[in-house]
Amino acid sequence: MNIRNLQKMLSNITEIKLLGKTAKVNEVICHIIGLVRYEHDLRIVALQYDGAFAERIEADEIAYPQTNREFLRSDKNMNMTNIFHAVNTISIGEKQFAVGGTETTRCDLQNWEMLVMLIEFLRLGWNPSGIEYQNIESLFLTIAELSGEYDCMPDFGESSVLHLTFRYEPVPYLVEQSVTLAVGTKYPDRLWFQDKNTEEKHWVQINRVYLLDIWEEAMKIFNDPCLTEKFTAAELERNKEEFERGLTAICPKCMCFPVIEYECEEDIALQFHSKTWLDAEPDDSGYCIGFLMKPDEKTGVLGLPLKTAMVQEPMPQDTLIIQSELFSYIKPQKYEDVTM
C-alpha cells in the first residue's frame, strides 16, 4: 500500500451521500450508511453485526464439520445471518430501487478501500451507534448495486424515510427421520414426519422411486441439435470433455442417482439423503453439477403437483433398497418489511 493507491481509491468514488439509517432485523444490527456513485453506477453501503455469530466465533464454538450430517446441521452456525441477500427493493423517500447484485465480506483492517470509504462517511457525520465499540473484524460490509444509471446523486430530500422489502427465500428445517426407499415399489400410504425442533407435523405421499442415469441425461444435452448451431465441433468437444471430468468426480459411469417423486403440502419441498452419505466426510473436490428434473406426470395419485428430490449419492444400477433419511424440509419465508 502506498499513497498513490489511496489516491486512486478516492478518485474511483465520483460522489458520496450519507443516509445514516439503522434497524435491527432478525437480531442483526444493520447500519445503512449511505450511497456511493461510481460514474454511472449507484451502490448502497451497509454494515451488519450479527451478535450471536460474533459470540460463537469468540467462544470458538464453530468447528469444521467431520461428516455431511454435521455440515448440514451446522450450516447456519457457520455463517452470519446476512439479511441483505434477501432484499428485493430499497425505497428512499419517493424513489424505489430494485437491488441487483450484492457482495458481503467480513471487515478486514488490511482492506484499505473499505477503510477509506468508512472514513469518508465518518467525515460526513455518520454515527455508528450500536456498533461503535465492536471489534471491526466482527462486522460485515455489504455493497449492493441499485438499478439504473446515474449522472448525479438522486435528490431524496431532507430526512427521507428508507424502506426495505424482502423476497421469499428457502429456509431448511431439520427432520432426520429414517425412511427405507424401495426402487419401483408402490407407496399406498402417506408418510408422516415432524419438525425436529418444533415437532410440527407434515406429510408426504411418495409416488415412485427410480434410478436416474445421469450420464445418459447429460449426453442427451450434448446431442441436442441446438448446441451444434451455437458451438463449433471443437468447442462442443472441449465443453463435453470438461463436463465429463466434473461429472466423473461426482458420479462414475454405470452409476445412478436415486430420484423420489412425491406429493406434499404446496409450499414445502423435501430433502432426502442416504445414511451412508450423511455419515461420510464432506467432499472437497469443488465439483457441483445441477440438473433440473421434471416428473413425467404433472400430478400424482392424490391429484397434487408432483415434486422431485434426488438422493445425492451415486449407486449401482441394480440397487433396489436405499436406507435413507428424510433429512429436512424447505419452506419459503421472508422478513417483514423494514422502515428506517
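Hi everyone, let's start on the outside: Val 301, Leu 302 and Leu 304 make a nonpolar surface patch with about 240 Å² of accessible area together. Patch members have over 30% relative accessible area and no salt bridge, and nonpolar side chains (Val, Leu, Ile, Met, Phe, Trp, Tyr) are joined within 5 Å. A salt bridge here is a side-chain nitrogen of Lys or Arg within 4 Å of a carboxyl oxygen of Asp or Glu. Areas come from the Shrake-Rupley method with a 1.4 Å probe, and for residues only the protein chains shown count as cover.

A word on the model: it is predicted, with local features needing pLDDT of at least 70 and side-chain atom pairs pLDDT 80 or more, while totals for chains, interfaces and linings use all residues. Numbering runs from 1 along each chain as its sequence is written, and side-chain values use heavy atoms, without hydrogens or water.

Back to Leu 304, which sits in the loop between helix H8 (275–278) and strand S13 (307–310). Helices (H or I, at least four residues) and strands (E, at least two) are DSSP runs, numbered from the N terminus.

Now the inside. The largest nonpolar core has 29 residues, and those touching the most other members are Ile 32, Leu 35, Ile 44, Phe 84, Ile 90, Leu 162 and Phe 166. Such a core joins buried Ala, Val, Leu, Ile, Met, Phe, Trp, Tyr and Cys residues through side-chain atoms within 4.5 Å. S2 gives the largest share of this core, four residues. Leu 162 touches, among others, Leu 19, Ile 32, Ile 90 and Met 340, leaving aside residues up to four places away in sequence; contact means heavy atoms within 4.5 Å. A second, separate core has 21 residues, including Val 175, Val 179, Val 209 and Cys 264.

Next, helix H2 (residues 51–58), where Gly 51, Phe 53, Ala 54 and Arg 56 are buried. Their cover includes S3 and S6.

To zoom out, the protein has eight helices and 16 strands, and 40% of its 340 residues count as buried. Its accessible surface comes to about 19800 Å², with 49% belonging to carbon and sulfur atoms.

Note on methods: Patches are made of residues with over 30% relative accessible area and no salt bridge: like charges are joined within 9 Å, nonpolar side chains (Val, Leu, Ile, Met, Phe, Trp, Tyr) within 5 Å. Buried means under 20% relative accessible area, exposed over 50%, partly exposed in between (1.4 Å probe, protein chains only).
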